[in-house]
Each structure stands twice: as structure tokens, then as C-alpha cells.
Amino acid sequence: MNIKHVPLFACVAFASLQATAQDLTSMIPAQAQFVFTINNKAIVENSSIELLNETLIKLGAFENTSNDINYPIKNLMQLDFNLDKQAYVYRSTTDSLNYIGILIPLNENHQVKEHMFSKFESLPIYNNYERRVSKDHKMQVAWNKESLFILIGELNTSYFQTKEIAERYGLDLGLYNTLDWTYNETLDAAANTWDEEEIDIEEENSIPDSLTVATAEAEEEAVYVEAEDVFPDTLSSIDIDEWEYDSDTTDVEDYDLESDSLYLINQAREAKNDSIKNKLLADWLTAGFNDYLDPKENLGKNKALKLTDKKHLLRLWISNLDELYQNALPYDILKMAYGVDIENMKYGYNDAIFDLIQDQYTLKLTGSIDVDSEMEKVFKALYSNRTNKKFAQYIPENYLAYASVNMSTEGYLKQLPALISRWYAPLAGEYADVLTIAATALEIGLDEKAIGKVMRGDNVFFLNNLQKVTKEYVSYEYDDDYNYEEVTKTKEEFVPNFLWMFTSEDQRLYKKILEFAVKKQEVTLEDGRYKIAPQKKLEPIYILFKNNIVFVGSDVEQLTAIQQNRFKTNRNASVKKDLLAHPFNFVVKTSAIPEVVNQLEIPITESREQTLQDLAGYGNLQIKSSKLIKNRFSGEMSISLPKKDKNALQYLLKHIIENLNNNVIN
């Protein structure tokens with residue numbers, strides 16, 4: 001089965017509330033790593049069948065590129081999937097097998113058998129489910145009157161890399177299996193015993209007398225390659241002084257890989273191993289298919305898998321974020337190469353939920369993550385700060401973007417040993433204990449409260465509108481004889497300017513440093529504002545201390561207005577609310593991007609010019625997170641799309657079609 005058809009079934013699931021959903025979730029095994037829920041009714045109602053069909057056709061979802069499956073279907077309307085019910089895609093794993101299950105509700109009197117699986121091999125009926133298997137046995141399907149189940153299997157290759165498992169199934173790991181490699185003192189000593197005048201290669205010690213490998217056609221037959229055939233006798237002793245290298249001796253273009261004995265041996269070994277593994281995959285999928293189809297322990301009662309709100313289009317539920325992260329990394333290789341044992345590393349993350357939501361003309365990607373009790377204490381301390389309410393008085397009227405971060409400095413220093421123990425120590429290998437001890441010593445030696453007063457941890461950064469400045473540059477003028485002289489000229493250009501503010505109840509350290517810099521003539525003090533001289537392409541930076549806030553910015557007029565209590569603040573209530581409520585905010589005025597790119601003279605390719613101009617009709621792009629509530633973190637990324645169509649989804653699908661059409665034309 002061609003793996004490229006996996007997205008097809010996921011896309012086709014768009015054509016698939018609650019009554020049948022219960023039956024399908026009961027077919028999802030309890031040990032599933034993640035479940036992808038597709039709220040097809042909401043997607044169809046928020047767009048249209050015609051628009052979805054055109055999008056899928058443009059994406060190539062109905063292209064027939066496999067000889068194993070018969071697809072007489074040319075559009076979405078010809079499918080037999082129920083458009084009013086939810087579909088599910090899940091992934092599960094064992095020590096030896098990874099598999100993906102796809103569950104799709106069907107219409108009454110469907111013709112799935114004739115339309116989709118006419119070229120599959122028949123299997124015995126199980127519990128009123130008709131069954132089929134692909135010719136390569138990597139996909140099995142089953143359906144009844146109400147639903148279709150597709151199972152796609154894949155072997156976990158790392159499972160077969162140990163000697164014990166390989167011998168159990170008759171696999172040949174070859175001569176250089178890195179996972180079972182052990183240090184050999186005798187070989188090491190021999191390898192380091194070099195005669196500066198002569199290198200002797202003892203044939204009987206350099207390689208085994210024979211190398212055995214099974215051919216792909218006969219599992220019991222073997223091919224023996226004598227060492228003399230690989231290393232001629234003339235190379236058994238080479239005198240370096242007499243050896244002259246001739247660059248023309250070996251012509252790479254004339255080298256015949258097919259005549260290389262070691263290459264042929266390796267190819268035959270791989271063919272044998274692949275044959276055994278493919279047979280194992282087919283046997284394991286067939287033997288366990290009934291359990292996959294009707295798991296005794298399932299997620300039928302998991303409410304997180306079911307979407308009842310029409311605004312929710314898609315949901316991804318992850319059973320354990322720590323385990324998924326560990327399984328995605330090659331921890332065997334990391335441990336062998338770097339001594340990093342991440343297999344037992346626990347960040348403290350449990351289940352996670354991510355939703356794609358459409359709210360009128362706004363698309364949102366929301367997420368929430370559950371943490372264990374130990375990490376709950378850590379995070380509560382980190383985010384125990386309250387943002388300085390005075391920040392709301394200094395929100396610029398015009399800005400391009402802003403970011404705010406509020407994490408308690410005092411809380412971070414107190415929780416540093418716990419963070420290092422859970423997050424960083426496992427990466428330190430044998431030095432993990434030393435790292436933990438050092439963190440504890442640091443906590444004991446530091447006065448967290450005093451440091452917290454120097455910088456509490458709440459920060460706000462505004463990127464203001466671009467500012468036009470006059471800059472000097474050196475040019476050259478030539479006479480008729482091509483003699484030149486340097487000429488200093490001026491030009492106007494736009495540069496970004498910023499305003500950064502943070503709370504500091506104890507400002508003595510900053511002032512002492514700046515006073516020292518004044519003495520060194522690297523900083524000047526002008527009317528109560530410190531000015532850091534311009535550096536190369538950077539404009540001057542100004543620092544102002546007012547009450548318990550430190551202001552840092554590149555617009556002297558802006559800081560002067562703050563100093564003289566004549567600063568005009570932005571009256572947008574949502575900005576003030578987000579600053580005070582969320583420990584993290586990031587907002588970009590997307591509509592301003594085309595003008596900024598133009599003013600900064602950033603080159604844009606012609607193919608991207610229209611996409612850039614489209615951004616002028618977009619609303620803000622925003623990312624924000626909330627504080628810990630009942631052991632869960634939550635966050636959201638959102639963007640407002642142009643109000644040119646019925647809603648955000650319809651605009652997005654039309655935009656995808658338009659871009660695909662343009663790519664075809666170009």
C-alpha cells in the first residue's frame with residue numbers, strides 16, 4: 001500500500017452527531033497515542049460541498065496512482081461517507097508495531113466494496129464486518145452497514161536491532177551492528193601498533209575466512225565470499241616508501257557497483273531481512289485485526305474525543321505528551337552517541353487537546369495541556385506575578401506589534417532545582433547529580449526576593465511605527481580619468497523604533513552601571529534620561545526611570561512624553577485586558593506588513609507579491625497563554641481573515657484554490 005494514500009483517507013473523512021460517534025469512539029483502543037477528530041458536519045455547514053470538492057480535487061485527493069486500489073471516484077459527491085457525522089484517525093504503538101486506524105461513518109446502502117476495495121484480497125467475515133487486505137498486506141479494511149475501518153501497519157525498526165530479537169526471527173544484522181557493539185582491547189591495541197615504514201595486513205586477522213548471507217530467493221541457501229577474493233594477496237604487505245599514488249589508477253566513472261562483492265552481500269542480506277519483516281507485519285496485522293476492530297479497552301467514554309460545538313472543526317487529543325515526545329526521538333542513538341538518556345525523562349506533561357475553531361471571520365488554534373502535581377507547584381510559582389497595572393498607561397497609540405511576558409523572577413530562582421531535576425539533568429548524563437547539586441547551591445546562595453525586586457519578571461515590548469531618519473553614507477565620485485574621491489552624502493530611510501518597560505522596585509544596580517558608563521563617556525545623561533550613543537546601524541537608545549518602572553526605547557520624544565506625564569495611551573480595552581490577564585502575549589498587526597515591507601525596501605518575488613498585498617485585509621495575528629487552572633495550561637493562536645466571504649473557512653478554501661491555480665499557470 002502506497003503511504004501517500006493515508007492523507008487521502010484523512011481528506012475523504014471530511015465527507016463524514018453524537019449517536020453514531022459513540023459507536024466509533026468505542027472502536028478506538030485505550031492505548032491510542034493520539035486521536036484526530038474531524039467534525040465533518042461543521043466543516044460542510046461552514047463551507048459547501050462544492051467548495052470542499054474543488055479543494056480536494058486541486059490537492060489531488062482523487063488521483064489514482066496505485067495498482068492496488070480501484071478508485072472510480074472523481075469527486076466528493078460520489079463517496080459513500082456520511083456527511084453528518086464525525087470521523088476519527090488514531091495512532092497506536094507496541095514494542096514492535098506502529099499502526100494508524102481510520103474510522104469513517106458510512107451512508108445507508110453504500111457501495112464501498114465495489115467503489116474502493118475491488119482489488120483487495122478477501123478475508124473471512126468477522127462480527128458482521130466484511131474484510132479485505134491490500135496485496136502488500138500493509139493495509140487491512142473492514143466495513144459493515146454503518147462504518148468503515150482502515151488499519152495501516154508499520155514495523156518499529158528499532159525493535160529488531162538487538163541481537164536477541166534478530167536471532168528470534170532469523171534476521172541478519174551484519175558485521176557492524178552498532179547497538180550491540182562492544183569495546184575490544186585486543187583490536188584496539190593492534191589498531192594503534194603502527195610501523196612507520198611498513199603496514200602489514202594479516203589476512204586471517206583482518207576479516208573472517210568467509211562471510212555468509214542468505215539470498216532473497218532461498219532463505220536456506222548461503223553465499224560464501226573468501227577473504228582472498230576481497231583483498232588480493234598483493235595487498236597483504238605494503239611498503240609505504242615504495243607506494244606511489246596514481247590518481248588515474250581508479251576511475252570512479254568506470255567503477256561497477258554491481259560487481260562489488262561486499263555490496264552484493266549487503267544487498268542480499270537486506271533483501272532477506274525485508275522479506276522476513278514484511279511477513280511478520282502481515283502475520284501480526286492479521287492475527288491482531290479482530291482486537292483492533294473491537295478493542296476490549298477503548299475510549300468510548302472519553303468525552304474529549306467528541307465535538308458538539310459547530311465552531312469546532314478539528315480536534316487533536318494526545319493521551320500523554322511526554323510519551324509521544326519520547327517515541328518521536330531516536331533515544332537509542334542519542335544515548336549511544338551522547339550519553340543522553342531521554343527514555344526516562346519526564347517533563348510532567350500528561351494529556352493535551354488542540355482544537356481548530358472558526359468564530360465568524362476568525363480562525364483559532366487553541367490548546368491545553370495537563371501537568372502532574374509536581375510540575376503544577378513549579379508552574380504556579382513561576383506565574384504567581386501580577387502584571388504592573390501602570391503598564392496600561394503607556395500603551396502607544398500606534399504600534400506594529402507587541403509582546404508581553406510575565407514570569408516571576410523570584411519564583412523561577414526558587415523552583416530552579418526542581419526544573420533542573422525534571423527537565424535538564426537527564427540531558428547531562430553522568431553529570432546530572434552535579435548539575436542538581438549546583439542548582440541547589442545556587443538557590444541557597446541567592447536572595448530570591450532581593451533579585452526579584454531588581455527585576456520582578458513582568459515585561460512589555462512594543463514595536464512602534466517606522467521612523468524616518470536621515471543617515472550619512474560614503475559614496476565615490478569619478479573624473480574622466482577614473483580617479484575617485486570619497487564624498488559623504490545623506491539619505492532618508494525608515495527604521496523601526498521600540499519601547500520596552502519592566503517593573504523594578506530596586507533600581508540602584510541599573511543606575512550604578514549607567515553612572516559608571518557616563519564616567520567612561522559611553523553614556524550621556526540628558527534631562528534625566530540616559531542616552532546610549534548610536535552603534536553602527538543602530539539608533540541611540542534612551543533609558544528612563546520613573547516610579548518603579550524602567551523604560552528603554554529608541555524614540556526620545558516618546559520617553560520625554562512619559563517623563564512629563566503627557567503620553568497619550570491607546571484606548572483599546574482589549575490590549576489592556578490581555579496585558580493584565582495573560583502571562584504571555586504576542587500580537588502582530590498583519591494589515592501593516594505590506595507597508596512595512598515596502599518602507600524597509602525588502603525584496604519580494606513576483607509570485608509572492610499578491611500574497612503580501614492580501615495581508616492588508618487581515619486582522620491581528622495573536623498568540624496568548626493563560627495561567628494554570630486545575631492542573632492545565634491553555635493557550636490560543638488566532639488570526640482574523642478578510643470579510644470577503646461567508647466566513648473564515650470559506651475564504652481560506654477559496655484562497656487555497658486560487659493559489660493552486662496560480663501555481664499551475666506559473
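**View A. The second largest cavity of the predicted model.** The second largest cavity holds about 30 Å³ of space, a cavity being a set of points on a 1 Å grid over the protein atoms alone where a 1.4 Å probe fits but cannot get out, and its volume being the space filled by probe spheres set on the points. Lining residues, which have an atom within 4 Å of a point, include Thr387, Phe391, Asp458 and His582. Strands β15 (399–406) and β16 (458–464) each supply at least two residues of this lining; strands are DSSP runs (E, at least two residues) and helices are runs of H or I of at least four, numbered from the N terminus. This is a predicted model, in which local features need pLDDT of at least 70 and side-chain atom pairs count only at pLDDT 80 or more, while totals for chains, interfaces and linings use all residues. Residues are numbered from 1 along each chain as its sequence is written, and side-chain values use heavy atoms, with hydrogens and water left out.

**View B. Salt bridge between aspartate 355 and arginine 315.** The closest N and O atoms of this salt bridge (a side-chain nitrogen of Lys or Arg within 4 Å of a carboxyl oxygen of Asp or Glu) are 2.6 Å apart. Aspartate 355 lies in strand β13 and arginine 315 in strand β12, so the pair ties together parts that are 40 residues apart in sequence. Aspartate 355 is buried at 5% relative accessible area, where buried means under 20%, exposed over 50% and partly exposed in between (1.4 Å probe, protein chains only).

**View C. Salt bridge between lysine 654 and aspartate 645.** The closest N and O atoms are 2.7 Å apart. Lysine 654 is partly exposed at 37% relative accessibility, whereas aspartate 645 is buried at 17%.

Definitions and conventions:
1 Å grid on protein atoms, 1.4 Å probe; cavity = no way out; pocket = protein on both sides within 12 Å on 5 of 7 lines; lining within 4 Å.
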